[in-house]
Amino acid sequence: MQPNKQSTQRPPFSKVLQKSSLSFLAMMPLLLGVIGLVGLFQVLVTPEMLASLFQGNPLLDTLLGTLIGGISAGNPFISYILGGELVEQGISLYAVSAFILSWVTLGLIQLPAEVEIFGGRFTLYRNMLSFVFVMLIAAATTFSLQVIL
Amino acid sequence: MKSKDKPLTFRGKHLFLTVLCLYILFFLFNSQSAFLALQKSATVFTKILPIIAVVIILTALLNFFLQPKQMARHLGHESGIRGWFWSLLAGVVSHGPIYAWYPLLENLREHGMKDELIVVFFASRAIKIPLIPIMIDYFGLPFTLLLSFYMLFGALLQGVCMQWLQSTKVQQI
């Protein structure tokens, strides 16, 4: 029977775990490279520098929010704090929504790693879709909120 | 299995060397900031260590319990609605930076996971369950609910778009 045949062919779990650990080890230079870039970014680009880029024009700020969020790195929690401050400064919710969304979905820093793992075409398609959808979702959320409230 | 006798080849050596050179240059010009950047990187690395452990164990468990054919059935071309649902759910519950999940996604892709489902996983990661209370605190409950709804819907739509892009690619070939 097929299931029995499969189970007899199955290697021991320790072997599978070792294989999985080794494939992760092989990816270490890639991970360390990305983590190194995150550290550099966090020191060279401060949240204040990012916040100062917004102009006050909702349309332009939404595009800027998407771009700034896309190049930023760090815990998404920071994007919420920064987003909250931006709203208080009068920056439109369209821009702030785009900013906090692209912070987690777009990633300039991990782009080399994404290309290495998934290939250039996949990375291009995914980031392109993500970029467009960040702005659409930000617009839909803010518009719906304005209609509801 | 195809990957059984694969020798250990390191990935991303060029990226690692480039970043290393950047740090050396940074140390030469501003050693204090360079040290701070190194410290921040070390903090990020320490934080993702538990996630790396989870990903390694999860990859091993998936490879142990699921045969490639079964994986393809759940996430491959025959997966149907189930595949979309699992990818969406996995994206929402997955924790930590996306690059920590690359090895698992690569493994699943090698076993037949569709590209559109990887896109759904990536996109649905925008919802961070542990951070929802903080988002509510900063932006209010209506905003959080609307954004979460549109993010889930948008994740599925992105998957559909990817499926369409892939199909046009196949047609061109």
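Which helices each supply at least two residues of the lining of the largest cavity? Before getting there, a word on the ground rules. This is a predicted model, where local features need pLDDT of at least 70 and side-chain atom pairs count only at pLDDT 80 or more, while totals for chains, interfaces and linings use all residues. Residues are numbered from 1 along each chain as its sequence is written, chains are lettered from A and ligands numbered from 1 in the order in which they are written, and side-chain values use heavy atoms, with hydrogens and water left out.

Now the answer: helix 7 and helix 9 of chain A, plus helix 8 (141-172) of chain B. (Helices are DSSP runs of H or I with at least four residues, numbered from the N terminus.) Helix 9 of chain A gives the largest share, four residues. The cavity holds about 60 Å³ of space, a volume being the space filled by probe spheres set on grid points joined across faces, edges and corners. Its lining includes Leu101(A), Phe133(A), Met151(B) and Gln158(B), and divides into eight nonpolar, three polar and no charged residues. Here Ala, Val, Leu, Ile, Met, Phe, Trp, Tyr, Cys and Pro count as nonpolar, Asp, Glu, Lys and Arg as charged, and the others, Gly among them, as polar. Across the whole structure, four cavities of 30 Å³ or more turn up.

On a 1 Å grid over the protein atoms alone, a cavity is a set of points where a 1.4 Å probe fits but cannot get out; a pocket is an open set with protein on both sides within 12 Å along at least five of seven lines, and lining residues have an atom within 4 Å of a point.

On to the second largest pocket, with about 850 Å³ of space. It is lined by 34 residues, and Ala73(A), Gly74(A), Asn75(A), Pro76(A) and Pro97(B) lie nearest its centre. Helix 2 of chain B gives the most to this lining, with six residues. By class, the pocket's lining has 20 nonpolar, ten polar and four charged residues.

Ala73(A) also makes a handy landmark for Asn127(A): the two are 54 residues apart in sequence and 16 Å apart in space, C-alpha to C-alpha. Asn127(A) sits in helix 9 (residues 120-148) of chain A. Is Asn127(A) buried or exposed? It counts as buried because its relative accessibility is 13%, under the 20% limit for buried; exposed means over 50%, and partly exposed is in between (1.4 Å probe, protein chains only).

For contrast, look at Phe29(B), in helix 1 (residues 13-29) of chain B. Phe29(B) is exposed, with a relative accessible area of 72%.
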